[in-house]
Amino acid sequence: MPGSALPLTLDGVWYHSTNGRARAPKMPLIKDLNVRLTAGPRTVVVGPNGAGKSLFLRLCHGLLTPSQGTVAHGPGVQAMVFQRPVMLRRSVRANVDYALTLHRVPRGERAAMIDAVLTKTGLGRHADAPARVLSFGEQQRLAIARAWALRPEILFMDEPTASLDPSATHQIEELIFAIHAQGTKIVMTTHDLGQARRIADEVLFLHRGRLLEQAPAQQFFEHPGNDLAQAFIRGDLLWWTRGRGPRRDPKHSR
Ligand SMILES: Nc1ncnc2c1ncn2[C@@H]1O[C@H](COP(=O)(O)OP(=O)(O)OP(=O)(O)O)[C@@H](O)[C@H]1O
Ligand SMILES: [Mg+2]
């Protein structure tokens, strides 16, 4: 599709820490990423804490600039939902309205779009409530509503259910399926392998800033090609010390 945001490709992407001190050694946090994200599959990024999942999403979405390599995509709309939603001190409706205004949606079209997306996310009856009084799960649904209202071609979600209970998690997962069914490419991170199994069509496994595997979900979970991915799926703790190679926790490896 000409003019489409997809495919989105990362070519030889490195990202180094920028801790502000010009002469401090720069630590590579993302190492030589080569990825092609295509329209269609729900892509789930997994990996241990600190693997670089959030950095990866921020690089894809253009919030960070690679220190080396390129991120290429067409001009279509992208949106991102963060792990900790930030709400404006305004009503639920005004929060969505603000996102639409930023994207230059004409005033006359906004009200109907807001009503539709609040209904789809189950927030219709909270439309006039201050966003800050919503429960955590409702706030996360509002963050999703704000993003979905833009009808993005790609939606990036960073740990969208990280601090939610099973019921709120289920509601968010239903929304992810609904957004995908309406034609939006989903790219999300999770530390929850059960969630990855439920949602992923395709899995990316990151470890220590490197992409160790990109595979269809069934293949990843049944026959991971990488031994660290195998350990991760088994639930072994992956740990490492800077300067040494990746190791498995001896207490947990079999
Ligand atoms: N601006 C920065 N400067 C220095 N180090 C950073 C910076 N941003 C991230 N890091 C480090 O880069 C590594 C990857 O971070 P990232 O947040 O992407 O991990 P993650 O896979 O999302 O982890 P989690 O599962 O805990 O969310 C971590 O070790 C983190 O401390
Ligand atoms: Mg993260």
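Two strands pair if DSSP finds at least two bridges between them, and helices (H or I, at least four residues) and strands (E, at least two) are DSSP runs numbered from the N terminus. Every view below shows a predicted model, in which local features need pLDDT of at least 70 and side-chain atom pairs count only at pLDDT 80 or more, while totals for chains, interfaces and linings use all residues. Residues are numbered from 1 along each chain as its sequence is written, and chains are lettered from A and ligands numbered from 1 in the order in which they are written.

**View 1. The hairpin of strand 8 and strand 9.** Strand 8 (residues 202–207) and strand 9 run antiparallel and are joined by six bridges, one of the pairs being V203 with A215 in strand 9. Two residues lie between the strands of this hairpin, and in the turn R208 has a positive phi of about 50°. Strand 9 (residues 210–216) also holds Q214, whose C-alpha atom is separated by 7.2 Å from that of E202, 12 residues apart along the chain. Q214 counts as partly exposed because it has 18 C-beta neighbours inside 10 Å; a residue is buried if 20 or more other C-beta atoms lie within 10 Å of its own, exposed if 12 or fewer, and partly exposed in between, with C-beta atoms placed from the backbone. Not counting residues up to four places away in sequence, Q214 touches V35 and L204, where contact requires C-beta atoms, placed from the backbone, within 7 Å of each other.

View 2. V187 counts as buried because 26 C-beta neighbours lie inside 10 Å; leaving aside neighbours within four places in sequence, V187 is in contact with L37, T43, L57, C60, I154 and F156.

View 3. Among the 12 residues around ligand 1, S17, N49, K53, S54 and L55 come nearest; a residue is taken as near if its C-beta atom, placed from the backbone, lies within 6 Å of the molecule. The shell divides into three nonpolar, eight polar and one charged residue, where Ala, Val, Leu, Ile, Met, Phe, Trp, Tyr, Cys and Pro count as nonpolar, Asp, Glu, Lys and Arg as charged, and the others, Gly among them, as polar. Helix 1 (residues 53–61) gives the most to this shell, with three residues. The buried residues of helix 1 are K53, L55, F56, L57, L59 and C60, and the helix is followed by G62, whose phi is positive, near 85°.

**View 4. The largest nonpolar core.** A145 and A149 touch the most other members of this core, which has 60 residues; such a core is a set of buried Ala, Val, Leu, Ile, Met, Phe, Trp, Tyr and Cys residues joined through C-beta atoms within 7 Å. Helix 4 (residues 136–148) supplies the largest share of the core, six residues. Apart from neighbours within four places in sequence, A149 is in contact with V96, A99, L100, M113, I114 and V117.

View 5. Most residues other than glycine have a negative phi, and most peptide bonds are trans. The peptide bond from L6 to P7 is cis, with omega near 0°, and P7 is found in the segment before strand 1 (8–16). D32, in strand 2 (residues 28–37), has a positive phi near 50° and counts as partly exposed because it has 15 C-beta neighbours inside 10 Å. E159, although not a glycine, has a positive phi of about 45°; E159 lies in the loop between strand 6 (154–158) and helix 5 (166–181) and is buried, with 21 other C-beta atoms within 10 Å.

**View 6. Confidence along the chain.** The mean pLDDT of the protein chain is 91, and 90% of its residues reach 70 or more, pLDDT being the predictor's confidence in each residue, from 0 to 100. Over residues 250–254 the pLDDT is below 50, and beyond near neighbours in sequence this stretch has five contacts in the model. Where pLDDT is low, the predicted coordinates should not be read in detail.

Terms used. Two residues are in contact if their C-beta atoms, placed from the backbone, lie within 7 Å.
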